[in-house]
Amino acid sequence: MATMAYQQPPQQPLVHPRASSVPSYAPPKVPSPPRQADGSPALTAPLPSIQSLTNALPTIQQPNHDPVHKMNWARDVLLLVDRAQQNPSGDTPVVGPAMIRDPQLQRLVQVAVPLILQIASVQTHAPPPAYVAEALFFRASFAASGAFPEHVQHNPRLAFRDFEAAARFGYAQAWFRLGRDYESFNDFQHARECFERGAKRNVESCIYRMGMAHLLGQLGLPAQPEVGVPLLHRAATLATIQVPNPAYVYGLLLLNEFTHTSVPQHFFAPFIPPQSTIQQEARLHLERAAFLHFAPAQYKLGHAYEFAIPPFPFDPLLSVQYYSLASQQGEVEADMALSKWFLCGAEGAFEKDENLAYTFAEKAARKGLPSAEFAMGYYKEVGVGGPKDINAAIEWYQLASDHGNTDATERLAALQQPSPHILSRQEHDHITEDKLVRKRTQAKQRSERASADGGPSNPRPSLEDSQRVVDLIRKDSIARSAAQDPQPPPVPTQGIPGILQNPLPVDVNANAHPLQGSKQFPNQHRYTLVDPGLALPGTASPPRTQSPTYARPAGRPPAQRTASAPTPSGVPTQTGPEGSGVQPLSRQRPAAKGPTTFAEMGIQGARLEGKECVIM
């Protein structure tokens, strides 16, 4: 019986070791842009699957199997665990067990975690091999997050020492974690030294952090865009599935949509190819971030294609595809956008589907999005996706009104009059024509005029392509709804912050820390993408003079998709209909209290010679 050799594909020159989007168990080949079945470019990079990892399990469990391949396999398992924690808005430091619903994935985790711990415990007199250093990094992540307490208890002291050991033994990504820990203590000198060490080793997160520090004047540095922009461009080109943020933020900077600073265009000139423009480069970087599965970028592209926001043309099919990708990663506003698309349909692209409109609205409403709660009330009142139900409409309107939705308050007043004014189908048709169809028609006309003037345009999709896309979205919505636990009546709940967070900040305020009680949908009333850089988790508390508690998760191995400090990497929300009857997990891992100084952790620092970081 043939065995599967679990190994990484060969890397191209000057490509970061983790830049390849090809799963590490794939056969060795030169990376190339993946294609869909019809030959068109894929919108996202391939990911490992539970089935492929399960198929490789017998080989991985062989005692004499190459430990490098074992480590590759375990890393991919943890990537799926990370992606299963759908909470793109979550940024509050959390500590607690990972929540894994899929029994097959749970089985793989019960092999992967002990395997990593076994590799990390290898004792050698000489510097250990690279796979041992990586295992030490993951062990540190487990100790910092408490994600797998049956294997590694939450232990900030052990976590910090293992991060230091991993960095010293050559696992360069650990320098970022050390830098963030020093930064949380306001020890900016040592934080910079750690980030600079990682940057020298092409660690994208370290390059990105230093770029933001130079751009915004953080870490004790003056604001110098002439220094920050080259670093951010370099980080954007190195962006990976594990660290996609740099490509997204650099695209926002190019479009001048980054709220906290505006960079003069001449700073970008050295990085714009002769035949390109700033807008075209911005589009490429945003598409790259979306390709690397960054949900905020996917949502932004869905919005841009829906409303023909330059440099993107009007493309309904691409819009719903990107919204669907973001929805699959838990972006509740993407559910709402899909609901509004299917409420009306798009001429020449896909027909309206009120059942899908209802499904996506319910999905978002069950997660507590006020605009979706309003949409559910509206759908119940009008009879979208089912029969009219005024009592249910009033219940949904009341929920939305309690959450600050003024439209819901107006509808409640109309329905609670002595002679209730109930919306008719004719009024519904007028509302959708005025609020949704007209805006998209205007976007289409703008796009056509721009295309006639030499602007971007996309070929008209075939009916077969359109039907295939809609069928896939419908199939995914049904599968995901069926995979959830039975849902109770609509009750507002709070989302679960992602586990295993290995924070990658945009860092608008590197000295600030997120408020513990942030709202799940702080931007729920924002209608545009003017500010796609603001953090969803909420505002930040005043700077601390001591370390934050070591509740800050020291590992989200291996996909660092959220931040440990306030970050403008969230996506603005949209109001309107959305969702698929899915409710978030009700159990939230609490933020843990911990020591506020290294001394309280029982750690004594000793300086190395020269410009070395303090080694703990």
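Pro311 sits in the loop that runs between α12 (295-307) and α13 (316-328). In this predicted model, the peptide bond joining Pro310 and Pro311 is cis, with omega at about 10 degrees. Two other loops also have a backbone detail to look at. One is the loop between α11 (278-291) and α12, which holds His293. His293 has a phi near 70 degrees, a positive value in a residue other than glycine. With a relative accessible area of 7%, His293 is buried. The other is the loop between α7 (188-200) and α8 (204-216), where Asn202 is found. Phi is positive here too, near 65 degrees for Asn202, again in a residue other than glycine. Asn202 counts as partly exposed, though, since its relative accessibility is 24%.

Of its 616 residues, 58% are buried.

What about the interior? The largest nonpolar core takes in 105 residues, and Trp73, Phe142 and Phe148 are the ones that touch the most other members. Helix α3 (residues 103-120) gives the most to this core, putting in eleven residues. There is also a second, separate core, this one of 49 residues, with Val320, Trp341, Tyr378 and Tyr379 among them.

On to helix packing, starting with helix α14 (residues 332-344) and helix α15 (residues 354-366). Their axes are 8 Å apart and the packing angle is about 160 degrees. Angles over 145 degrees count as roughly antiparallel, so that is how α14 and α15 are placed relative to each other. The crossing of this pair, α14 and α15, is left-handed. On the α14 side, the meeting residues are Val332, Asp335, Leu338, Ser339, Phe342 and Leu343; on the α15 side they are Glu354, Leu356, Ala357, Phe360, Ala361, Lys363 and Ala364.

The contact draws on Ile394, Tyr397, Gln398, Ala400 and Ser401 from α17, and on Ala408, Thr409, Arg411, Leu412 and Leu415 from α18. As for handedness, α17 passes α18 in a left-handed crossing.

That leaves the cysteines. A disulfide is a covalent bond between the sulfur atoms of two cysteines. In this model the count of disulfides comes to zero. Cys206, for one, is in no disulfide: the nearest cysteine sulfur belongs to Cys194 and is 8.2 Å away, whereas a disulfide needs the two sulfur atoms within 2.5 Å. Cys206 is also buried, at 0% relative accessibility. Cys344 has a relative accessible area of 19%. Because buried means under 20%, Cys344 is buried as well.

How values were computed: Residues are numbered from 1 along each chain as its sequence is written. This is a predicted model: local features need pLDDT of at least 70, side-chain atom pairs count only at pLDDT 80 or more; totals for chains, interfaces and linings use all residues. Side-chain values use heavy atoms; hydrogens and water are left out. A nonpolar core is a set of buried Ala, Val, Leu, Ile, Met, Phe, Trp, Tyr and Cys residues joined through side-chain atoms within 4.5 Å. Buried means under 20% relative accessible area, exposed over 50%, partly exposed in between (1.4 Å probe, protein chains only). Helices (H or I, at least four residues) and strands (E, at least two) are DSSP runs, numbered from the N terminus. A crossing is left-handed if the near helix is turned anticlockwise from the far one by less than a right angle, and right-handed if clockwise. Contact means heavy atoms within 4.5 Å. Axes are lines fitted to C-alpha atoms, for helices over the stretch in contact, and angles run from 0 to 180 degrees between N-to-C directions. Angles under 35 degrees count as roughly parallel, over 145 as roughly antiparallel, 65 to 115 as roughly perpendicular and the rest as oblique.
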